[in-house]
Amino acid sequence: MEKSRSITANNATIPDAGTDAGHSLWSDAWLRLRHNRAAMCGCAVLGLIILMCFIVPFLPALPDPAQQDLPGKNSTPSWSHWMGTDHLGRDLFSRILHGGRISILVGLITTMVSLTIGVAVGAVAGYLGGKVDAFLMRTVDILYSLPFLIIVILFSALAKGYTSDLTDWLVGLTGFNRDAIAPFTGLIPLFVAIGALSWLSISRIVRASVQDIAGREFVEAAKSLGLSHRRILMRHIIPNAIGPIVVYATLTIPSVMLFEATLSFLGMGVQPPYSSWGILIKDGADRMLSNPLLLIFPSIFFILTLLSLNFLGDGLRDALDPKSSKD
Amino acid sequence: MWREIANRLMQGLLVLFVLGTLTFFLVHALPYGPFQDEKAIPDNVRERLEQIHGYDKPLLTQYWLRLNNIVRGDLGTSIKVMEGREVSDILLQAFPVSLTLGLFAMAIAISIGIPAGVLAAIRKNRAPDYIIMAVALLGICLPNFVIGPLLAEFFGGRLGWFPVSGWDPRSPSAMFLPALTLGLVSAAYLSRLTRAGMLEILHQDFIRTARAKGQKGHIIIIRHALRGGLIPSIAFLGPAFAGTISGSVVVESIFQIPGIGRLFIKAIETGDETLIMGPVLLYGTLIVTANFLVDLIQLWLNPRLRARAAA
């Protein structure tokens, strides 16, 4: 506690730094995170990549990602094509940036959905135990064994009827050009379907950690003080299980991004001429012996993003860990 | 103990029942069916096919008939993909292959992932930690359709140490490359989870007590820290094991392995209900068993949990 309190006290932007109850778990964590260099670097790189993917594609200087140039196919990097062209002569750099938007959206949205459900289910099952635990975990068993693919197919088919309504609603909400967002609205049901089914492993892991933590003395103490279950879970148990949660969240993001590519090949998800990092990596893998650059460049973006997410995740873990302030 | 096992057995049967029911109705809700083809099938032929497979009856009647047959152990014959073959025969042939591959892959994952994670946690924020975590990240980022061909090219092609394709249940060397491809991703996951779990434990007071007592470092790790530190990794093992068995489609096609994954995907693509149901029930059994074993291991490792379970 010593260290974090001195940080708070030195920081003039925290108005109630002098009072004892002034800093919550989160403001404490934010202060610690800001002092973690690796995490801040990760944050900066991540920000840069997101910025590039979401803003640069709108700049007129960038070639159209769908523009084919068959005589100039498989060219090496040059001034006109910074990362060369693919097997159809499309500009790889432009394709990576355009594809990045979809991959980042898929990764973040589905991971958020799966994290929320997974942590809630796992924590409740692990904390309450007994019949609730048995019911929740057997439900998880069932969902694990159900063929994922069938559910995604059904969900996409079901949602197809509502896609144009969804697009209208989004156009009304954001004022974007209809043509610009139409290809993405079809993906939203897919995001939800993947997110709604990828929380299973997280819930098992959180449950195991919570079971362990729920037996410790400080939880006994919290119970004997008469705190509500909800408060014990939110303030005392989940912060102590944050390590595995953050790690698994940073693991879910890449697996979801790659899963999206698998779905695209089965005719769901992003369809050509649009692409995503997963699809670019898969395309590159098919041609890695003839033109390895097609695999290497998208992989660099992918790995860089995940590397910075990992640093950010580790920093977040250290910042949120109730015990880390002792060191 | 025995009561708990009997209890879980009942729950497992219930899981299989719900699973089978859901699968049946989900497959029948698919926007396509096994009697549609790229080439239009003449109406009279299709009607005849539907009659043979009982698709002309009301859905609930079909469900009831299927349920009765499955309870009696008759999984039926494949409707489309392996037309006319008994599903139980197909499973009997393909499942041992997938199971062996999965077990081998898990053995590789555990023997690489857990020691790596422990080492990374002990040497936190120093060179071994950074190297192990970077390699693990690479293992997570490089999908198996990239790792597989690379391994095949390098170990199989250049060095010629292992065969690159084909499946021979008697030769572990033929299994090595596919199992490694499949196991590396889980190894990467395990190493990260183990590191997180170990870091959590190494902070705790009882470890400091052991240190203060002058206990040797490796004994503290093995005897005291691993028990708690492996909690997240072990929780991950159940689903990971089932995942390596059901998710080996890509590896099966890279290395030409006659496993169950490819058939299953084809069955889903064509709506071949019987060939979907068989594997699904098998996965269900596997998941229930794996998660039960995981729960038992957790109980055995964690004295606090045992006390709670007894209460």
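Which residues is F236(B) in contact with, leaving aside its neighbours within four places in sequence? Select F236(B) and you'll find I205(A) and Y248(A) across in chain A, plus S186(B), Y189(B), L190(B) and L193(B); contact here means heavy atoms within 4.5 Å.

A quick word on ground rules. This is a predicted model, where local features need pLDDT of at least 70 and side-chain atom pairs count only at pLDDT 80 or more, while totals for chains, interfaces and linings use all residues. Residues are numbered from 1 along each chain as its sequence is written, chains are lettered from A and ligands numbered from 1 in the order in which they are written, and side-chain values use heavy atoms, with hydrogens and water left out.

Next, colour chain B by secondary structure: it has 14 helices and 0 strands (DSSP runs, numbered from the N terminus: H or I of at least four residues for helices, E of at least two for strands). Its C-alpha trace spans about 85 × 60 × 35 Å along the principal axes. Of its 311 residues, 48% are buried (under 20% relative accessible area; exposed is over 50%, partly exposed in between; 1.4 Å probe, protein chains only).

Now show both chains. Here 56 residues of chain B are in contact with 54 of chain A, and the two bury about 5000 Å² between them, 68% of it on carbon and sulfur atoms. That buried area is the accessible area (1.4 Å probe) lost on being put together, summed over both parts.

For charges, zoom to D295(B) and R204(A): they form a salt bridge, with the closest N and O atoms 3.2 Å apart. The count between the chains is 6 salt bridges (a Lys or Arg side-chain nitrogen within 4 Å of an Asp or Glu carboxyl oxygen). Helices that each supply at least two residues to chain B's side include α1 (2-29), α7 (172-202) and α13 (273-301).

Back to F236(B): along with I237(A), Y248(A) and I276(B), F236(B) touches the most other members of the largest nonpolar core, which has 85 residues. Such a core is a set of buried Ala, Val, Leu, Ile, Met, Phe, Trp, Tyr and Cys residues joined through side-chain atoms within 4.5 Å. Highlight α13(B), which gives the most to this core, with 9 residues. A second, separate core of 38 residues includes W277(A) and L320(A).

Last stop: D141(A), in helix α5 (residues 130-145) of chain A. D141(A) is buried, at 0% relative accessible area. Not counting residues up to four places away in sequence, D141(A) touches V15(B), I287(B), V288(B) and N291(B).
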